[in-house]
Amino acid sequence: MSSYHNTLYVTTPGAYLAKDHENVAVRVEHQTRMSVPMHHLGGVVCFGPVSASPELMAACMERGIGFSYLDVNGRFLARVEGPASGNVLLRRRQYRLADDPEAAAALARSFVFGKVSNSRAMLVRSARERPEAPPGLLEGAARLAGRLVDLGRQPMTTDEARGHEGEAAAGYFAAFDAMIRSTDPAFRFTLRSRRPPMDPVNALLSFVYALVRHDCTSALAAVGLDPGVGYLHVDRPGRPSLALDLMEEFRPALADRLVLALINRSQVSPGGFVRDEAGGVLMDADTRRTVLIAYQERKQVALTHPITGEATTFAVVPHIQARLLARTIRGELERYQPFLVR
Amino acid sequence: MHILVCYDVSTITPDGRRRLRKVARLCKDYGQRVQQSVFECNVGDVQWATLRPALLSEFNPAEDSLRFYRLGEDPSRRAEHHGVKPSVDFEGPLIA
């Protein structure tokens, strides 16, 4: 069986997921909309009012197919997972390292390095693609390059790594608007806002981050790590801190790049967003669908993994990284190497 | 590997009708119905090693016929669909 399993996204309000022998049957008003054999699936993501039968859940849990529940706008609500797979010794070691300030700081620094390096690559790439790049792009890239030098120079505490992360994110998002080629005022980006996102760009970012988060959580659970105990992110009940650590490197390379492509290629339009009473911006059903398809297609793009040299796809990269992380935690690798794009 | 499973199961006797249900059920566990007695199954070696003997033990060689066509990894170049009931690509975006 391949290490890549597909994800089923259920967006139809009122859909009911039932077990039909070896299939997941998606029923809407007692009509079967789709039937997918479970051997194709690695996860199920439900948006809004979607329910599932206990029999189906039990069968999926047995096969390591986790469920994520998100609200219609992609905000994380809950996750259901079966008994943890893999080695309990690995998880013990994961917890020990989390309590060891030096080891935790080294991992935190790797995650930040991955994020900053990939953020910088985004800015450079965007500048390269345009004949007259806005000055903000290269300025932002230069600032992030400076951060990378600091991050690579000497050991630092976890708090220092967090400080670099915060500063770099501020610099990156200050230059983010310059990467948007659409001239439509609705797609201007000024500030990262969430819960709720206050404009269409933030709505897109939040939604795609939620998808990446689901994939990273699944990948960690699949190698036997506990997604809930992280290094860069502090423990908090219900928060998948390690998944948030792992996804840092994927935010620019997978999520931001997809959001920019959707806007710059006019695959989404300002009319596809609605403002709710609280002032937050939501996607309509069509836009959500467009984004989900684009995300799935992006994950199918072939690439060569820069560390392992494997021919793979983006869908598999979180699984490879989770494996590298597990090996680092076991002590087989000296340090965790994030997935870096050029 | 994509495998096209086609069958003719004699349904004159109650036992034949039972076999037909069983064969269809097995195919559906591993793939999707593309036409009445035609299933497309995208399976790995492990699944195929389970499905194939299960089908062979269910059908009655004296009365029924079973055919397996191996379509390789990418059936999009080998199969063309027109009309109603298009198939789902289980490796593509799955959005319901």
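Glu165(A) counts as buried in this predicted model, because its relative accessibility is 18% (buried means under 20% relative accessible area, exposed over 50% and partly exposed in between, with a 1.4 Å probe and protein chains only). The residue is found in helix H5 (residues 158-176) of chain A, where helices (H or I, at least four residues) and strands (E, at least two) are DSSP runs numbered from the N terminus. As this is a predicted model, local features need pLDDT of at least 70 and side-chain atom pairs count only at pLDDT 80 or more, while totals for chains, interfaces and linings use all residues. Residues are numbered from 1 along each chain as its sequence is written, and side-chain values use heavy atoms, with hydrogens and water left out.

An unreviewed UniProt entry lists Glu165(A), His233(A) and Glu248(A) under "binding site"; such annotations may be inferred rather than shown by experiment. These residues are spread over 84 residues of sequence but cluster in space, with a largest C-alpha distance of 11.3 Å.

Glu165(A) also forms a salt bridge with Lys115(A) at 2.5 Å, N to O (a side-chain nitrogen of Lys or Arg within 4 Å of a carboxyl oxygen of Asp or Glu). Lys115(A), in helix H3 (residues 101-128) of chain A, is 50 residues apart from Glu165(A). Lys115(A) is buried, with a relative accessible area of 13%.

Over all chains, the count comes to 20 salt bridges. One of them pairs Asp20(A) with Arg25(B) at 3.1 Å, N to O. Asp20(A) lies in strand E2 (residues 16-20) of chain A and Arg25(B) in helix H1 (residues 14-30) of chain B, so this pair joins two chains.

Definitions and conventions
Chains lettered and ligands numbered in written order.
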